[in-house]
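Here's a quick briefing to read with the model open on your screen. Start with the strands, then move on to the helices.

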Amino acid sequence: MTLGASITLPFPRQGRIALVVRYKPSRDVPPPGEGHADVIMPSGAPVGFFVDVATERRGTLGFDVPGQVYGYAAFASYRPAYVNLADATAGNVVSGVLLIQATAREQDLFQRAWQAMRTRPGTFTIAGWNCSSHAALAFHLAGLVGREIPGLDTPDNLFHELRRRHARRCEDHYGYLGFLPRESSGDELDLHCDVGIDAVRAPVTGPVPPRRPTSVGDVARPGA
């Protein structure tokens, strides 16, 4: 690992997938403005759902606008602080990472869900079909959560629902996150990456905050 991160996360191909909640500083504190929900694939590749780049550049608000699945290259171009440790540190972009031990079948279904979304991304809508809705769909198709996020579709609500259901096979980390591709890949969803985070490890088990409705923060920053 040459990321310079204090903790190396178990990727690539070590039986994990992950939810990433941007700007979430700790387990009990939701991200200001609700942040953004991304995921880490079994390979260590960062993946997320956003307003498509052309639409975002026009400043179109996120109601039924075209969506886009980001892989590493899109993150590096348009959200470098989400994948580059130095940029995350310089910009004070903290991420909360929920690692989940996943079976081979769960990993395969999770991968297939994102492949389908990339092929037919459809639209992005602030309330009800946003970044966290799409991440939740992938976790649902992998058999890890129900079809709906309890409360509003927010990254933090999805985080706590996954912890509630899978506390015994989860661990969470908070800090500056970085990805380092090991080699080029023809499929960005299967790009092998080393993943590191400058953070203090949280306990694997512990009390889970109660479900709570929260405001939807994507309104202020479509696709943020």
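In this predicted model, Leu19 of strand 2 stands opposite Val39 in strand 3. Looking toward strand 6, the bridge partner of Leu19 is Leu98.

- Strand 2 covers residues 16-22, and seven of its seven residues are buried, so the rest of the structure largely encloses it.
- Arg16, Ala18, Val20 and Arg22 point one way from strand 2, while Ile17, Leu19 and Val21 point the other way; all of them are buried.

- Nine strands make up an open sheet with antiparallel pairing, in the order 1-9-8-6-2-3-4-5-7.
- Strand 1 (7-8) and strand 7 (123-124) are the edge strands, each pairing on one side only.
- Strand 4 (residues 46-51) and strand 5 (residues 65-70) are joined in the antiparallel sense by four bridges, and Gly48 stands opposite Tyr70 in strand 5.

**Helices on the sheet**
- Helix 5 packs on the sheet and touches strand 2, strand 3, strand 4, strand 6 and strand 7; its direction makes about 35° with that of strand 3.
- Helix 6 packs on the sheet too, touching strand 2, strand 3, strand 6 and strand 8 (170-181), and its direction makes about 145° with that of strand 2.

**Helix 5 with helix 6**
- Helix 5 (residues 131-141) and helix 6 (residues 155-166) pack at about 25°, their axes 9 Å apart; the two are therefore roughly parallel to each other.
- Helix 5 brings Cys131, Ser132, Ala135, Ala136 and Phe139 to this contact, and helix 6 brings Pro155, Leu158 and Leu162.
- Sorted by type, the residues of the contact of helix 5 with helix 6 are seven nonpolar, one polar and no charged.

**Helix 4 with helix 5**
- The axes of helix 4 (residues 104-119) and helix 5 come within 7 Å and cross at roughly 140°, so this pair is oblique.
- The crossing of helix 4 past helix 5 is right-handed.
- On the helix 4 side you'll find Leu109, Phe110, Ala113, Trp114 and Met117, meeting His134, Ala135, Leu137, Ala138, Phe139 and Leu141 of helix 5.
- The residues of the contact of helix 4 with helix 5 split into ten nonpolar, one polar and no charged.

Methods
Residues are numbered from 1 along each chain as its sequence is written. This is a predicted model: local features need pLDDT of at least 70, side-chain atom pairs count only at pLDDT 80 or more; totals for chains, interfaces and linings use all residues. Side-chain values use heavy atoms; hydrogens and water are left out. Axes are lines fitted to C-alpha atoms, for helices over the stretch in contact, and angles run from 0 to 180 degrees between N-to-C directions. Angles under 35 degrees count as roughly parallel, over 145 as roughly antiparallel, 65 to 115 as roughly perpendicular and the rest as oblique. Contact means heavy atoms within 4.5 Å. Ala, Val, Leu, Ile, Met, Phe, Trp, Tyr, Cys and Pro count as nonpolar, Asp, Glu, Lys and Arg as charged, and the others, Gly among them, as polar. A crossing is left-handed if the near helix is turned anticlockwise from the far one by less than a right angle, and right-handed if clockwise. Buried means under 20% relative accessible area, exposed over 50%, partly exposed in between (1.4 Å probe, protein chains only). Two strands pair if DSSP finds at least two bridges between them.
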